[in-house]
Amino acid sequence: MNTKNLEEKIAEAARLLATAEYPICFTGAGISAESGVPTFRGPEGLWEKHDPQEAVSLSSFRNQPEAFWDFARDLVITSGASPNPGHRALVRLEDQQILKTVITQNIDMLHQQAGSKNVLELHGSLEKADCRDCGAKYSWQELENILKAGETPQCRNCGSLRIKPRIVFFGERLPEEVLERSWQEAQQADLMLVIGSSLVVYPAAGIPDLTLQAGGKLIYVNADRGSRAELFDIILTGRAGSILPRLAEKTLKIIEKD
Ligand code: NAD
Ligand code: ZN
């Protein structure tokens with residue numbers, strides 16, 4: 001694809017975004033890739049060291065919680081992750097009252113760190129954790145310091161190692177309330193930007209279908225065309241950190257003119 005083509009498609013997407021009544025976005029691991037957080041399916045080395053199915057499974061957490069925390073440390077601390085221009089472009093669109101909601105599959109908290117306010121975390125996040133044995137509560141700030149010191153969190157109250165973050169482990173159900181709110185948002189939306197998601201992890205991957213079924217349009221911003229290209233009105237192939245700022249800029253220009 002030549003650059004001009006992509007630029008034209010971004011302009012077309014900006015027109016849809018500027019005129020939509022209730023645009024929202026749905027993000028996956030790809031939006032955080034340029035922050036240094038590797039995607040599960042990418043070629044990066046992290047998954048040679050950690051098998052997510054193993055590190056993020058309940059049975060392994062019960063027996064060896066340190067495997068999960070080693071994985072979490074590598075995911076968001078060793079990777080040095082901080083918000084990238086893609087996250088910030090979404091904040092800009094929300095601040096200008098264009099984008100209504102961010103539905104994310106990510107657990108890395110980068111949307112909030114960038115400044116997004118209305119975020120629905122389908123798979124939870126590392127922000128809070130609870131001791132499974134005595135119920136003591138932990139904030140990310142506290143856990144981060146422990147992980148940075150190279151240690152595994154241990155309950156300050158009862159000594160248990162079973163401090164479980166409020167994220168959805170493989171085999172666990174998604175939080176009902178967040179899922180229902182996401183369904184409602186998707187049905188209400190007349191436009192959804194689907195960003196950096198391969199759309200293979202269900203039930204999250206079924207959310208864009210709800211927008212489509214309700215008569216809304218879908219725009220895909222992804223490194224490749226993925227396996228469900230037929231769903232989308234516009235496909236913007238490339239890096240989210242490069243495309244989203246251009247899309248936000250063009251959208252805001254259209255709105256300023258009106
Ligand atoms: P995925 O790994 O299945 O797909 C990522 C998609 O992003 C791919 O289609 C890839 O082509 C695309 N991509 C890669 N780099 C990109 C970039 N710079 N710009 C735009 N697109 C890019 O991710 P998924 O669909 O989110 O599913 C993975 C599951 O793993 C999710 O459930 C998620 O919770 C979890 N996960 C989360 C994180 C995180 O919190 N950052 C990281 C890895 C995995
Ligand atoms: Zn405890």
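Pro 203 sits in the loop that runs between strand E7 and helix H11 (207–213). Helices (H or I, at least four residues) and strands (E, at least two) are DSSP runs, numbered from the N terminus. The peptide bond between Tyr 202 and Pro 203 is cis, with omega at about 5°. The loop between E7 and H11 also holds Leu 199, which has a positive phi of about 55° although it is not a glycine. Leu 199 is buried, at a relative accessible area of 3%; here, buried means under 20% relative accessible area, exposed over 50%, and partly exposed in between (1.4 Å probe, protein chains only).

Before going further, a word on the source: this is a predicted model, in which local features need pLDDT of at least 70 and side-chain atom pairs count only at pLDDT 80 or more, while totals for chains, interfaces and linings use all residues. Residues are numbered from 1 along each chain as its sequence is written, chains are lettered from A and ligands numbered from 1 in the order in which they are written, and side-chain values use heavy atoms, with hydrogens and water left out.

Strand E7 belongs to an open sheet of six strands, ordered E3-E2-E1-E7-E8-E9 and paired in parallel; two strands pair if DSSP finds at least two bridges between them. At the edges of this sheet are strand E3 (119–121) and strand E9 (234–237), each of which pairs on one side only. From one strand to the next, the twist averages 15°. Axes are lines fitted to C-alpha atoms, for helices over the stretch in contact, and angles run from 0 to 180 degrees between N-to-C directions. Within the sheet, strand E1 (residues 23–27) and strand E7 (residues 191–195) run parallel and are joined by five bridges. One can look at Cys 25, whose bridge partner in E7 is Leu 193.

The Met 109 residue is buried, with a relative accessible area of 6%.

A backbone N or O atom of Gln 105 lies 2.4 Å from an oxygen atom of ligand 1, and for Ala 29 a backbone N or O atom is placed 2.8 Å from a ligand 1 oxygen atom. Asn 222 contributes through its side chain, where an N or O atom is 2.9 Å from an oxygen atom of ligand 1.

The model also contains an open sheet of three strands, in the order E5-E4-E6 and with antiparallel pairing. Strand E5 (137–139) and strand E6 (163–167) form its edges, each pairing on one side only. Neighbouring strands of this sheet are turned by 35° against each other on average, direction ignored. Four bridges link strand E4 (residues 124–131) with E6 in the antiparallel sense, and Asp 130 stands opposite Lys 164 in E6. Helix H9 (residues 140–148) packs on this sheet and touches E4, E5 and E6, with its direction at about 75° to that of E5; contact means heavy atoms within 4.5 Å.

Helix H6 (residues 65–78) lies across E4 and E6 and runs at about 50° to E6. Its 14 residues span 18 Å from first C-alpha to last, close to the 20 Å expected at 1.5 Å a residue, where the expected span is 1.5 Å times one less than the number of residues. H6 is mostly covered, with 11 of its 14 residues buried; among them are Phe 68, Trp 69, Phe 71 and Asp 74. Just after H6, Gly 80 takes a positive phi of about 65°.

Arg 73 is also part of H6, and it is buried, with a relative accessible area of 13%. A polar atom of the Arg 73 side chain lies 2.8 Å from the backbone oxygen of Leu 147. Leaving aside residues up to four places away in sequence, Arg 73 touches Thr 78, Leu 147, Gly 150, Glu 151 and Thr 152.

Terms used:
A polar contact is a pair of N or O atoms within 3.5 Å; within protein, one must be able to donate a hydrogen and the other to accept it, and residues adjacent in sequence count only if both atoms are side-chain atoms.
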